[in-house]
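Take a look at the structure below. The paragraphs that follow lead through it step by step.

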There are 2 protein chains.
Amino acid sequence: MKLATLKSDSRDGSLAVVNRELTRAQTVPDIAPTLQDAMDDWAGVEPRLQQVYQALNAGDCESIPFDASQAAAPFPRAYQWLDGSAYLSHVERVRKARGADLPKSLLDDPLMYQGASDVMLGPCDPVEAASADWGIDFEAEVGVITDDVEYGISIDKAASHIKLVLLINDVSLRHLIPGELAKGFGFLHGKPASAFSPVAVTPDELGAAWQDSRLHLPLTVHWNGRLFGEANAGTDMQFNFARLIAHAAKSRKLTAGTIIGAGTVSNYDSTAGYACIAEKRLVEILETGAAVTEFMRFGDRVRIEMLNQEGQSIFGAIEQEVRPCR
Amino acid sequence: MKLATLKSDSRDGSLAVVNRELTRAQTVPDIAPTLQDAMDDWAGVEPRLQQVYQALNAGDCESIPFDASQAAAPFPRAYQWLDGSAYLSHVERVRKARGADLPKSLLDDPLMYQGASDVMLGPCDPVEAASADWGIDFEAEVGVITDDVEYGISIDKAASHIKLVLLINDVSLRHLIPGELAKGFGFLHGKPASAFSPVAVTPDELGAAWQDSRLHLPLTVHWNGRLFGEANAGTDMQFNFARLIAHAAKSRKLTAGTIIGAGTVSNYDSTAGYACIAEKRLVEILETGAAVTEFMRFGDRVRIEMLNQEGQSIFGAIEQEVRPCR
C-alpha cells in the first residue's frame, strides 16, 4: 500500500491512498483524515486503507490524478524525527572531512540524533536558506515510520513496529555544523527542515528487496540533472531499522508516527557515487589533495528516487530546488 | 490567563481554562478542543479564552474542580521541544562535573539542544526509568510556548511570539550523558520525557516579575520534602527568551506550539541552592573533594513550584515520583 499526504487548507494536510503506479489517488476522510490519525490506530485503520488500495489498483473506485508536486510531507509536522547514521562509510568520510575523531563504539553503538520535526517539507518544496555560503548539502536516506513502541523494546520485537518505509532528503548546512557540534549539544542550525518522498509504502510493497529490516535497492541521486550516486541502501548498512528503533527506545517509549532515518546511504565502493556532496568532497581531498566540488547554490536542483527491480519508481521522486529564504 | 490540558480518552487531552487560584476549570471544546488547536490560531482564539477566564475568576460560569493530578502536559505530544542553557553557572558546574571543556563562545552564543517531544509528562506523572543506576536527576526550568515564528527572526521581534510561560522538569539520566555526548550527536538516551507544570500562563499573569523576557522570581525545588533550591530565575540568566527564540530560528521557522526552555535555573550564589542534583554534587567535589549526594532512587519525589510576590502558586506544582518502568 502507498500513502501520501496531500496539501490542503489544514496544517496537517489530507491522507490519500495512492495506486501502485503513482498515477491515481483517493482521499479517505471517513477512514483517517490525516496520516497521524491513521498511525494513532494503525491496527484498526490499515485493513480499511488496504481495501481502498486494492480498489484503486483495480480501477474500481473514484479517484483523482496523483500529482507529486501537490504532496506534503507524510506528516507536515511530526512528533518525532530521529536520524541514525547506519552507513559507516558515510560516518568515516564525513568525520574525516570535518577533522573529527571517529567514535570508539562505531561498530556496535548506533549514532543517532534528535532532529527537528515541527516543519517537514513535501517532495517538491524548495530548500530555503538565508545564505548560499552555509554549505547547502543534500543527504539521501531511507527511513521508516513506526506505531507506538514500548520503552526498552528488544531488537527482536522492534521490526514489527515498522509500518511504512519512505525516502528522505536530510538537508544539511555543512558550514554551520562543525561549530555547533563543538558546543556539544548536537545539531540545531546545521539540520534545517528535511524533505520526504511523495509516498510512504508498507514493507510488503518492497517484495524481496526488504530483508532483515534493510532495503536492498540502489538509491539514485541526481544533482542538476546529472547522476551523482546510486549506492545500494542494503549494502554496508551496519545497523538495520530494528536495531535503530531499539536504540531509540532504550530509555523511553516512542509515539506512533515516529520517523527514523538510517542516515545518508553510502557504500565503501566509491564507484557507486554518493548520496551527499560532503562525501564526494572528502574523496576528492583524499585522491587529489583538494575538494573541487562546491556545495549547492541557489537555483540548484536535487532529485532522489528509488526504482524497483522492474524499473518502476517505488516512492516517487524528491525533487527540490534551492532558493533564498523569503 | 491560565491554561491546562486535562487527561482524556484522546492522546492530546482536552484544553481547559483554569482560574487564577487554580481551583476551578472549564473545558472549551467549542473554542479550541486542544492547546495545539489554540496555538494554531492564537490571535483568533485568545480573546475568547480570555472571556472564559474572566468569567471563571468572577465565579460567573459553570466550572469543575481543578485537580492538578489529572492534568497532562500542555501538549501530551508536541511538535517541538528545544532546551537552551541560559544560566552559565549551571553550564560551568555541569561541564566541570563531567570533565568537559567549556565552549569558547559561552557568553554570546546560546547552548541549545533539540529535545524529544513525542511523549510529554503531566505534572504528577511518574518519572519512569529502567535502572536506578542511570543517575536519575531533575532539572527545574522555566519555559515558553510560541506561536509561528518566521525564519531568521530578529531578537527584537522574537519577544512578541512568547504566548505562554510554564515550568519544566527536564529529567536527566546523568550516567548515560557523558558517553552519548562523546559520540558528538547530542542527547538521545540521557534526556527522556520531560514533565510540565499543571498550567501554562500568559505573560500578563506574571506582572512586574516578567521583565525583558525573563521571569524574576525564585523557583523552589523540594526533594523528598526538603528544600533543595530556590534560585531566582531572573538572576544570572545570560540569554533571555527572546534571544533563545531568535537563536532557535536562525536557519528555520518554528511551528506554533514550540516549547523553548531556558535550561536549569542556577545562580552563582550557591546559598540559593540548586535546581538539579548534578550541580550540588559538583559543589561538594569542589568544597570537600568528593560528591556525597546520590542521584534519585525509586520512590524518591521531586516538587517544583514558583510562588508570586503574594505567596500564591503561579503554575501549580510539578510533583513526581521516580518509579521503575513498567
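Into which domains is chain A divided? Chain A has domain 1 (2–70) and domain 2 (74–324), with bounds from an automatic or database domain assignment. This is a predicted model, where local features need pLDDT of at least 70, side-chain atom pairs count only at pLDDT 80 or more, and totals for chains, interfaces and linings use all residues. Residues are numbered from 1 along each chain as its sequence is written, chains are lettered from A and ligands numbered from 1 in the order in which they are written, and side-chain values use heavy atoms, with hydrogens and water left out.

The C-alpha centres of the two domains of chain A lie 25 Å apart. In contact (heavy atoms within 4.5 Å) are 22 residues of domain 1 and 26 residues of domain 2 of chain A.

Now turn to helix 2 of chain A. Helices (H or I, at least four residues) and strands (E, at least two) are DSSP runs, numbered from the N terminus. Helix 2 of chain A covers residues 42–57. Its 16 residues should span 22 Å at 1.5 Å a residue, and its end C-alpha atoms are 21 Å apart, which agrees; the expected span is 1.5 Å times one less than the number of residues.

Just after helix 2 of chain A, Gly59(A) takes a positive phi of about 65 degrees.
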